[in-house]
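Hi,

Here is the structure I promised to pass on.

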Amino acid sequence: MSNQGNIELLSATLAKAKSEDRAALVAYLPAGFPTVDGAIEAAKAIIAGGADVVEIGLPHSDPVLDGAVIQTADDIALRGGVKIADVLRTVRETFEATGVPILVMTYWNPIDRYGVERFTAELAAAGGAGCILPDLPVQESALWREHAAEHALATVFVVAPSSRDERLATITAAGSGFVYAASLMGVTGTRESVGNEAQELVRRTRTTTELPVCVGLGVSNAVQAKQVAGFADGVIVGSAFVKLLLDAPDEQAGLAAVRALAGELAEGVRRS
């Protein structure tokens, strides 16, 4: 079979981090922000700084699970006319330049409209490692999973503190690559209690699966990264990178800032 994706590279990368007694650093950036080329350069800068895995967001007009910072970036990307072809180019060029596993994070509707078979084939051809699908219900995911498996792409599902144990088991049994444990930080309580909530979610998730569990928690600095690395297999950071790009006076300053933050976070996920 041609057009094989990179789920094995993703699994090997997460296993390598574990063998080094650290969490993996997973970075998120939306495609097309500040421009298509700018996003590719930012992803390369973050990888140069120390990110192990990158998630490229497919900008959506109603990103219900994303906060204000990512919504702002998505809006800029959409006004710039970003298309699925640009998302795939972002994956391809970032992967070709770095050899790091690149996933796409997307809501279901754009893929459904584009065509599942077409999207999985093209993502695999671009060197993608898989997809994170935050709003695709597991019970409606059979078609996607069939095509993703055929093209050696990971299907990463999202679990949350509200997911009951039985539901967790259903979700993790259907997924591959890793499990994305989502927990809101700052909004639903103090950082300590939310940290505990995320830790408990990771513990519960691990009773259902051998897959690595990566936590997206509103982590924005090395101290928080170290805290999450104490209990998770991967630390996912998105808004902190996007905010630096939004706030930068120019593109070069933005690239330097995200590279520096990636370096600090890469130190933080090393547990020693």
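Below is what turned up, taken topic by topic.

This is a predicted model, so local features need pLDDT of at least 70 and side-chain atom pairs count only at pLDDT 80 or more, while totals for chains, interfaces and linings use all residues. Residues are numbered from 1 along each chain as its sequence is written, and side-chain values use heavy atoms, with hydrogens and water left out.

Helix α8 spans residues 165-174, and its buried residues are Leu 168, Ile 171, Thr 172 and Ala 174 (buried means under 20% relative accessible area, exposed over 50%, with a 1.4 Å probe and protein chains only). Looking down the α8 axis, these fall within an arc of 160 degrees, so they line one face of the helix (the arc is that of the directions from the axis to the C-beta atoms). Glu 166 and Ala 173, on the other side of α8, are exposed. Helices here are DSSP runs of H or I, at least four residues, numbered from the N terminus.

Gln 224 sits in helix α10, residues 222-229. Gln 224 is buried, at 5% relative accessible area, and a polar atom of its side chain lies 2.7 Å from the backbone nitrogen of Ser 220.

Last, the inside: what lines the largest cavity? The residues are Tyr 28, Leu 58, His 60, Asp 66, Asp 74, Met 105, Thr 106, Tyr 107 and Pro 134 (a cavity is a set of points on a 1 Å grid over the protein atoms alone where a 1.4 Å probe fits but cannot get out, and lining residues have an atom within 4 Å of a point).

Cheers

Notes:
Helices (H or I, at least four residues) and strands (E, at least two) are DSSP runs, numbered from the N terminus. A polar contact is a pair of N or O atoms within 3.5 Å; within protein, one must be able to donate a hydrogen and the other to accept it, and residues adjacent in sequence count only if both atoms are side-chain atoms. On a 1 Å grid over the protein atoms alone, a cavity is a set of points where a 1.4 Å probe fits but cannot get out, and a pocket is an open set with protein on both sides within 12 Å along at least five of seven lines; lining residues have an atom within 4 Å of a point.
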